[in-house]
Amino acid sequence: MIRKPTIATFYNKKQVCFDLIMDQSYSKSPIKPYLLMERIQSRGLLQHFEIFSDFVPYEQDDFHAAHTEEYVSNVFNQTGNYNSNGIPWSVNLVESVRYTNSALYHAIKHSLAYPEQLCFAPVSGMHHATPRAGQGFCTFSGQAIASLKLFDELAVCGAWLDLDGHFGNSIEDTRSFAPRLDQAVPLDCNVNPFGMNADYVQNFREKLKPVRNRILNNQVHYVVFAHGADSHVDDDLGGQCDTEHWLQCADVFTHWVEEVSQELGKPLPVTLALFGGYRRDDYNIVLDLHLSSIERCRRLCGYSSF
Ligand SMILES: [Zn+2]
């Protein structure tokens, strides 16, 4: 089931924060969307990406879906626990997270409206945030917010295939705060594989089985593949998979999507996201891992390489 050749990419330079990041922040997540899009351009690959940049950013109120008004206010106004995300605060950081979180939501929404097009939100810095605080370089729970909004607006449910090297606690930590998240993202649909190399890949395969069943039973309507680069063995913070097995996860995912789409008789809505990746020696390795994963996922568009 071949999709459109271009990847619908929700990118606006406003989703990038440069202030204090390169010299004062361990995490480069706030600048990663820019660095990745520059890498795509410098490698002559931009024609494979259809850029959507005119999406509306979240307002402060949108974040209340998954966070207390106090925490959201703290982040916006540099008060209280505004620094719990571990990233240097700036006006531009707040502006950029309004865009990254909205980019993710709009990418998924596009995948639902146009399932024949692979979608991409070049974003990270979300999956450790909790209702009352940021955590682990993450400010707001972008996945929880997007899934709750889509559940409320379109009555659709999703699965998050979180292959970051670290467990994506945001969704689990938000369930008691926003109980309808149990429907928006069913309990077995926050997929975080564990193990090393072949065991990790096999664990991913196993965890896709209940997701497939839910899709075929019309209980899940979209998937997001967040192939974090910090699950690569050489990452400063990660280390589950060598390059072969890390890329094999993208192949497992695309084969699975093709099979499920065949069974559905229509393309399964798919969105790609970035999530983690940390290399002090050469950050381009992180960017190239993300690009290699996207290249594998382009198999869904009928291409085996860029
Ligand atoms: Zn991580």
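**Note on the predicted model**

1. F275 sits in the loop between strand 7 (270–273) and helix 10. The structure is a predicted model.

2. N197 is another residue to check for its backbone. Although N197 is not a glycine, its phi is positive, at about 45°. N197 belongs to helix 8, which covers residues 197–216. With 15 other C-beta atoms within 10 Å, N197 is partly exposed.

3. The overall make-up comes next. The protein has 10 helices and seven strands.

4. Of the 306 residues, 51% count as buried. Now take the contacts between residues at least 6 apart in sequence: 75% of them join residues at least 24 apart.

5. Several helix pairs pack against each other. Two packed helices are described by the angle between their axes and the distance between the axes. Helix 9 (residues 243–264) and helix 10 (residues 283–297) have axes 9 Å apart and pack at an angle of about 30°. That angle makes helix 9 roughly parallel to helix 10, because angles under 35 degrees count as roughly parallel. The two helices cross in a right-handed sense. On the helix 9 side the contact uses W246, L247, A250, D251 and T254, and on the helix 10 side L289, S292, S293, R296 and C297. Sorted by class, this contact of helix 9 with helix 10 has five nonpolar, three polar and two charged residues.

6. How are helix 4 and helix 5 oriented relative to each other? Helix 4 (residues 91–113) packs on helix 5 (residues 142–154) at an angle of about 45°, with the axes 9 Å apart. Helix 4 is therefore oblique to helix 5. The crossing of helix 4 and helix 5 is right-handed. T100, N101, L104, Y105, I108, K109 and L112 of helix 4 meet G142, I145, A146, K149, L150 and L154 of helix 5. By class, the residues of this contact are eight nonpolar, three polar and two charged.

7. Helix 10 also packs against helix 2 (residues 32–42), at an angle of about 70° and with the axes 10 Å apart. Helix 2 and helix 10 are therefore roughly perpendicular to each other. Helix 2 brings L35, L36, R39 and I40 to the contact, and helix 10 brings Y283, L287, H290 and L291. These residues divide into six nonpolar, one polar and one charged.

8. H227 lies in the loop between strand 6 (222–226) and helix 9. H227 is buried, because 28 other C-beta atoms lie within 10 Å. Which residues does H227 touch, not counting residues up to four places away in sequence? They are L163, C249, A250 and S293. Two of these names have come up already: A250 and S293 take part in the contact between helix 9 and helix 10. H227 and A273 are 46 residues apart along the chain, and their C-alpha atoms are separated by 6.9 Å.

9. P131 is found in the loop between strand 3 (119–121) and helix 5. There are 19 other C-beta atoms within 10 Å of P131, so P131 is partly exposed; a residue needs 20 or more to be called buried. Leaving out residues up to four places away in sequence, P131 touches A66, H67, T68, D173, T174 and F177. P131 and F63 are 68 residues apart in sequence, and from C-alpha to C-alpha they are 9.6 Å apart in space.

Methods:
Residues numbered from 1 in each chain as written. Predicted model: local features only at pLDDT ≥ 70, side-chain atom pairs only at ≥ 80, totals over all residues. Axes fitted to C-alpha atoms, helices over the stretch in contact; angles between N-to-C directions. Helix = DSSP H or I, 4+ residues; strand = E, 2+ residues; numbered from the N terminus. Parallel < 35°, antiparallel > 145°, perpendicular 65-115°, else oblique. Left-handed = near helix turned anticlockwise from the far one by under 90°. Contact = placed C-beta atoms within 7 Å. Nonpolar A, V, L, I, M, F, W, Y, C, P; charged D, E, K, R; others polar. Buried ≥ 20, exposed ≤ 12 C-beta atoms within 10 Å, placed from the backbone.
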